[in-house]
Amino acid sequence: MIHYSLQCGRGHAFDGWFASSDAFETQRGDGDLGCPVCGTHDVSRALMAPAVRTRAANTPTTDGPPKKVPVEAEPAEAAATHAALPEGDRQAFLDAMRALRKAVVDNGTDVGTAFPEEARRIHYGEAEPRQIYGQAETEEARALIEEGIKVLPLPILPEDRN
Ligand SMILES: [Zn+2]
């Protein structure tokens with residue numbers, strides 16, 4: 001799958017996922033691509049601004065120590081929230097977590113490791129909107145969130161650790 005930033009003739013920007021660049025051109029040529037905002041089929045790839053590194057930043061100077069190259073900061077890992085509860089409350093908390101997870105499992109479709117791809121297809125209107133659950137690596141989940149696709153980790157329950 002490849003990701004393209006797209007825009008329509010009226011300037012709306014959106015994202016699309018395609019099996020290949022050929023698949024993108026074919027869909028575009030057939031008029032299968034539409035702007036999600038205004039519906040026009042006048043869709044093209046958005047121009048991307050290249051990330052330019054200035055020469056000065058990479059060239060060590062002969063006098064004095066090399067200049068430090070700015071490093072793009074990693075997004076901070078969200079700290080997991082922990083709760084410390086008295087035993088009675090802990091039981092109620094676990095029951096609530098079980099109920100939450102049961103609701104997801106009962107109402108959703110297990111797509112297994114296809115979860116990241118399927119979540120994208122739903123987000124971009126390529127698959128029927130429905131509740132799904134499945135596995136995603138931390139990196140994959142982060143990528144989804146950065147694309148604006150809302151995913152939530154399901155709580156891990158003590159019985160999962162067996
Ligand atoms: Zn548009």
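Visitor: How many helices and strands does the chain have, and what pattern do they follow along the sequence?

Guide: The chain has 5 helices and 5 strands, and read along the sequence they follow the pattern β-β-α-β-α-α-β-α-β-α. Of its 162 residues, 6% count as buried, and among contacts between residues at least 6 apart in sequence, 43% join residues at least 24 apart.

Visitor: Where does pLDDT stay under 50?

Guide: Where pLDDT is low, the predicted coordinates should not be read in detail. Here the average over the chain is 76, with 73% of the residues scoring at least 70, but over residues 66–78 the value stays under 50, and the model has 6 contacts beyond four places in sequence for that stretch.

Visitor: Which residues of helix H4 are buried, and why do they lie on the same side of H4?

Guide: An α-helix has 3.6 residues a turn, so residues three or four places apart point the same way. In H4, which spans residues 115–123, the buried residues are Phe115, Pro116, Ala119 and Arg120; they lie on the same side of H4 because they cover an arc of only 135° around the axis.

Key. Residues numbered from 1 in each chain as written. Predicted model: local features only at pLDDT ≥ 70, side-chain atom pairs only at ≥ 80, totals over all residues. Helix = DSSP H or I, 4+ residues; strand = E, 2+ residues; numbered from the N terminus. Buried ≥ 20, exposed ≤ 12 C-beta atoms within 10 Å, placed from the backbone. Contact = placed C-beta atoms within 7 Å. pLDDT = per-residue confidence, 0-100. Arc of directions from axis to C-beta.
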